[in-house]
Structure formats: C-alpha cells, structure tokens
Amino acid sequence: MIITGDDPEYIAFVKARLRDQFLMTDLGPLRYFLGIEVFSTSDGFSISQEKYIQDLLARAALMDERTVETPMELHVKLRPTDGDPLPDPTRYCHLVGSLVYLAVTRPDISYPVHILSQFVSAPTTVHYSHLLRVLRYLRGTITRRLFFPRSSSLQLQCYSDATWANDPTDRRSLSSYCVFLGGSLVAWKTKKQVAVSRSSVEAELRDMASVTAEVTWLRWLLADFRVSVTTPTPLLSDSTCAISIARDRSSMS
C-alpha cells in the first residue's frame with residue numbers, strides 16, 4: 001500500500017489507525033513498488049523500471065550484446081501473414097505482456113508495443129524479430145527515467161497525432177497523444193481507432209476527440225484533489241485542417 005499526501009502528521013495518523021486494525025510493517029519512504037523504482041531528490045522525483053528491464057532481458061536470453069537507436073524501424077507495417085508461424089508462441093506472448101507493463105514508465109515504447117501486441121494470438125518469425133529489436137533498444141536505454149519536478153506548474157497541456165490508414169490489414173488509423181501537467185508527463189496512449197477514417201483529417205479529428213475526453217477526466221480528477229484549473233487546456237496538433245474544423249465547430253457552439 002502506498003500512502004501519500006502533503007500533511008506528514010495526518011499520514012502518521014492514518015498509519016497508526018491502520019496498524020490498530022491490521023498486521024502491517026511501515027517500510028518508510030517509497031523506493032520500490034511492483035517493479036517500479038522511485039528516486040527522490042530536492043528537485044523532484046523520478047520513476048524507472050531498470051531492474052525490471054534487466055530481469056526481462058535475462059528471461060529473453062538474447063544471444064548477443066547489440067543495441068539499437070530506435071525501438072522500431074521507420075514506416076514498418078506488419079501483417080499477420082508476414083513470416084512463418086512460431087512453433088511455440090509462449091515466449092512471444094510472455095515478452096509482449098511484460099512490455100505492456102513496462103510501458104507504464106516508458107512511453108517511448110508505447111507505439112511498438114501496441115503494434116506487436118496485435119499478433120499475440122498467432123505470432124510469426126517476423127513479429128518476433130521486431131520484438132527482439134525492442135529488447136535491444138531497451139538494453140541501450142535501460143537507465144532512462146520519467147522525471148517529475150517539484151516546481152512544476154499545475155496547468156495541463158496535451159499533444160496529439162494520428163497516422164491515417166496505418167494498419168495495412170483493416171486500414172484503420174492509429175491515434176496517439178500525451179498529456180503534461182506542467183513539466184510532468186502524466187498520461188499517454190497509442191491505440192488503433194475503432195472506425196475506418198476516410199481521410200487524414202478525419203483521423204486527426206478522432207484523435208483530438210479522444211485526447212479531449214482524457215483531458216476532461218484529468219481536469220475532474222484535479223478538481224477532486226482541490227487543484228484549481230481555471231485556464232483552458234492547450235491541445236497541440238500538426239494538422240492545420242483538423243485544427244480549423246475544430247475551431248469552427250467550437251465557435252459555432
């Protein structure tokens with residue numbers, strides 16, 4: 001159990017009440033929880049899964065020490081029929097499942113993990129080779145962390161992007177976004193859209209709608225924490241057409 005807050009006396013009171021009802025041990029300041037390592041400094045705190053990655057690489061049993069600069073090659077489009085089916089897909093499924101959890105602190109692998117997870121039911125040799133590339137990328141970037149500065153502002157800002165008709169099989173587009181609270185990255189997602197978009201503009205608009213729903217929820221969550229969010233949340237996108245349409249609709253409403 002993690003207990004957090006800005007009132008040390010009340011935290012001590014909660015711990016005392018819990019000890020009265022349950023057999024428990026106070027492990028002190030948070031340092032490690034479910035594979036996530038927490039580092040606290042005077043400037044803020046950071047989280048990583050370095051030990052988790054080390055264990056993952058050991059289980060993968062890579063036969064070389066190579067590293068790569070990116071987790072996936074540019075413009076790769078994987079299909080279910082690429083390569084030969086793996087005789088035993090167990091290892092592939094296990095490694096992809098581990099990467100899904102690792103993406104909790106590593107947004108830089110969110111995209112390739114989303115792509116590779118689509119083939120867990122019938123992985124092939126080609127899918128497995130791309131999975132090994134992600135592992136080699138992690139080997140070379142094992143010390144990367146997410147940093148949350150103490151002096152960060154409490155204003156939200158988000159970025160969104162979409163790749164039109166990215167999937168070569170069903171032609172559905174891919175949405176992605178990230179949300180910052182001040183200088184802290186607090187939310188991110190890469191997900192295939194539920195419907196086929198007829199144009200890149202439509203794909204971008206679907207993505208902007210998705211991140212708008214996420215930001216609305218985050219604003220409600222901050223309000224529950226008694227954090228006042230009075231200014232509009234900037235949503236940045238590189239689609240000028242989608243921005244114009246969204247601006248026209250908001251002015252009409």
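A: Ala-61 is found in the loop between helix H2 (50–60) and H3; helices here are DSSP runs of H or I with at least four residues, strands are DSSP runs of E with at least two, and both are numbered from the N terminus. This is a predicted model, in which local features need pLDDT of at least 70 and side-chain atom pairs count only at pLDDT 80 or more, while totals for chains, interfaces and linings use all residues. Residues are numbered from 1 along each chain as its sequence is written, and side-chain values use heavy atoms, with hydrogens and water left out.

Q: What makes the phi of Ala-61 worth a look?

A: Phi of Ala-61 is near 55°, a positive value in a residue other than glycine. Most residues other than glycine have a negative phi. His-75, in the loop between H2 and H3, also has a positive phi, about 65°, although it is not a glycine.

Q: Why is Ala-61 called partly exposed?

A: Buried means under 20% relative accessible area, exposed means over 50%, and partly exposed is in between (1.4 Å probe, protein chains only). Ala-61 has a relative accessible area of 38%, so it is partly exposed.

Q: Is His-75 buried or exposed, and how do you know?

A: His-75 has 71% relative accessibility, so it counts as exposed.

Q: Why is helix H4 described as largely enclosed?

A: Of the 8 residues of helix H4 (residues 110–117), 6 are buried, so the rest of the structure largely encloses it. The buried residues are Ser-110, Pro-112, Val-113, His-114, Ile-115 and Leu-116. Their cover includes helix H3 (90–102), helix H5 (125–140), E6 and E7.

Q: How do you know that strands E5 and E6 pair?

A: Two strands pair if DSSP finds at least two bridges between them. Strand E5 (residues 156–163) and strand E6 (residues 174–181) are joined by 8 bridges and run antiparallel, so they meet that rule. In the hairpin of E6 and E7, which has 2 residues between the strands, Gly-182 takes a positive phi near 65°.

Q: What makes E1 and E4 edge strands?

A: An open sheet is formed by 4 strands in the order E1-E2-E3-E4, with antiparallel pairing. Strand E1 (32–33) and strand E4 (146–149) each pair on one side only, and they are the edge strands. Within this sheet, strand E2 (residues 36–40) and strand E3 (residues 44–48) pair over 4 bridges, and Phe-45 in E3 is the bridge partner of Ser-40.

Q: What makes a space a cavity, and how many of 30 Å³ or more are there?

A: On a 1 Å grid over the protein atoms alone, a cavity is a set of points where a 1.4 Å probe fits but cannot get out, and lining residues have an atom within 4 Å of a point. The search of the whole structure finds 1 cavity of 30 Å³ or more. About 100 Å³ of space lies in the largest cavity, a volume being the space filled by probe spheres set on the points, which are joined across faces, edges and corners. Its lining has 14 residues, of which Ile-115, Gln-118, Asn-166, Asp-167 and Pro-168 lie nearest its centre.

Note on methods:
On a 1 Å grid over the protein atoms alone, a cavity is a set of points where a 1.4 Å probe fits but cannot get out, and a pocket is an open set with protein on both sides within 12 Å along at least five of seven lines; lining residues have an atom within 4 Å of a point. Contact means heavy atoms within 4.5 Å.
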